[in-house]
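Q: I want to learn to read a protein model. Where do I begin?

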Amino acid sequence: MNQQALGDAIGVGQTTIANYEKGLRFPTGELLKKMAEILNTSIDQLMDHKVLGHQVIDDAFDIEAYQARFLKHLLAAEEQAAIVMVWDLNPDASNLVFIYEHLLAYTMYQIGVLWEEGKVGVATEHYASHVIHKIIAMLSTIPATQPKGGHNALCMSLSSEPHTIGIKMISEYMNFVGVQSYYVGTNVPTESLIDMLVKKKIDLLAISVTLSSHVDQLNNLVRALRGHKKLKNLKILVGGQGTKNQMNLLDTMAINGQAKDFTSLK
């Protein structure tokens, strides 16, 4: 199949396919799936991975150097280079948590620190967030480790918080391990939230709080949910930067769990 034929099949131009081959551009997760289907192969084979997924737990792997290079690409607005770095790790069940926690989440935290110190602007932070969201969407194409097992989760951020990357990764990871997860983002009215929790028979509600000033709002939401007769068995998990210095929420709120970081979810 030539470049034009493949481009026609997946809905892009011949030049785009040529740029994919040269490494100048990178297809989205959805286009990767289409190409794999058309070429009757797997995404893994299509990517021609040469770096083992287990590399990330090898003593010879320099995690700090990899993190620094990934951060440098994002700060330089080098989207394709950052994406290729993720795929070079050959994402699979063995290293997905590592990529989420120690590459994506870690990098966004470092960018947040740089922003607070006045070393990067809002535009750079927003650009990096856009790239990370794109990478998360691409990672969602990795085959789940197990089929959906009958449990349903809903993931959300409080209020109008703009930082939703962490809870988005959690939602995708739940899908990866066999939990049907619904990601609803932020700014969800309580009545609408309750309606979906009931209709979708949600077992677990995961709430991200990135601003400590929203903890009171979290408390009000939990009280409203606990007062609904059809949500008596709902489990509530909270986490996020806004709760890290308040690790006593289990004692003060009617919640079932408090995650201090991504890996603690396991």
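A: Begin with a definition. A salt bridge is a side-chain nitrogen of Lys or Arg within 4 Å of a carboxyl oxygen of Asp or Glu. In this predicted model, local features need pLDDT of at least 70, side-chain atom pairs count only at pLDDT 80 or more, and totals for chains, interfaces and linings use all residues. Residues are numbered from 1 along each chain as its sequence is written, and side-chain values use heavy atoms, with hydrogens and water left out.

Q: How many salt bridges does a search of the whole structure find?

A: The search finds 4. One of them joins the side chains of E79 and K134, at 2.6 Å from N to O.

Q: Which helices hold E79 and K134?

A: Helices and strands are DSSP runs, numbered from the N terminus: helices are H or I with at least four residues, strands are E with at least two. E79 is in helix α6 and K134 is in helix α8. The two residues are 55 apart, so this pair links distant parts of the chain.

Q: What about the rest of α6: mostly covered or mostly open?

A: Mostly covered. Of the 9 residues of α6, 7 are buried. Among them are E79, A82, I83, V86 and W87.

Q: Which residue forms a salt bridge with K199?

A: D195 does, and the closest N and O atoms are 3.4 Å apart. Both lie in helix α10, 4 residues apart, or about one helical turn. K199 is exposed because its relative accessibility is 63%. D195 is partly exposed, at 38%.

Q: How do I read an aromatic pair?

A: Look at ring centres and planes. Rings of Phe, Tyr and Trp (its six-membered ring) pair if their centres lie within 6.5 Å; planes under 30 degrees apart count as stacked, over 60 as edge-to-face and the rest as tilted. By this rule there is 1 aromatic pair here. Y173 and F176 form it: 6.2 Å centre to centre, with 35° between the planes, so the pair is tilted. Both residues lie in helix α9, 3 residues apart, about one turn of the helix. Y173 is buried, at 16% relative accessible area. F176 is buried too, at 7%.

Q: What is a nonpolar core?

A: In soluble globular proteins, nonpolar side chains tend to be buried together. A nonpolar core is a set of buried Ala, Val, Leu, Ile, Met, Phe, Trp, Tyr and Cys residues joined through side-chain atoms within 4.5 Å. The largest one here has 41 residues. F70, V86 and L104 are among those with the most contacts inside it. Helices that each supply at least two residues include α5, α7 and α8. The largest share, 10 residues, comes from α7. Apart from this core lies another, of 22 residues, including I194 and I255.

Q: Which residues does V86 touch?

A: Contact means heavy atoms within 4.5 Å. Leaving out residues up to four places away in sequence, V86 touches F70, P91, I99, L103, L104, I135 and L139.

Q: Which residues form a nonpolar patch on the surface?

A: Patches are made of residues with over 30% relative accessible area and no salt bridge: like charges are joined within 9 Å, nonpolar side chains (Val, Leu, Ile, Met, Phe, Trp, Tyr) within 5 Å. Accessible areas come from the Shrake-Rupley method with a 1.4 Å probe; for residues, only the protein chains shown count as cover. Here M1, I38 and L39 form the patch, with about 280 Å² of accessible area together. I38 lies in helix α3. I38 is partly exposed, at 33% relative accessibility.

Key: Buried < 20%, exposed > 50% of the residue type's maximum accessible area, 1.4 Å probe, protein only.
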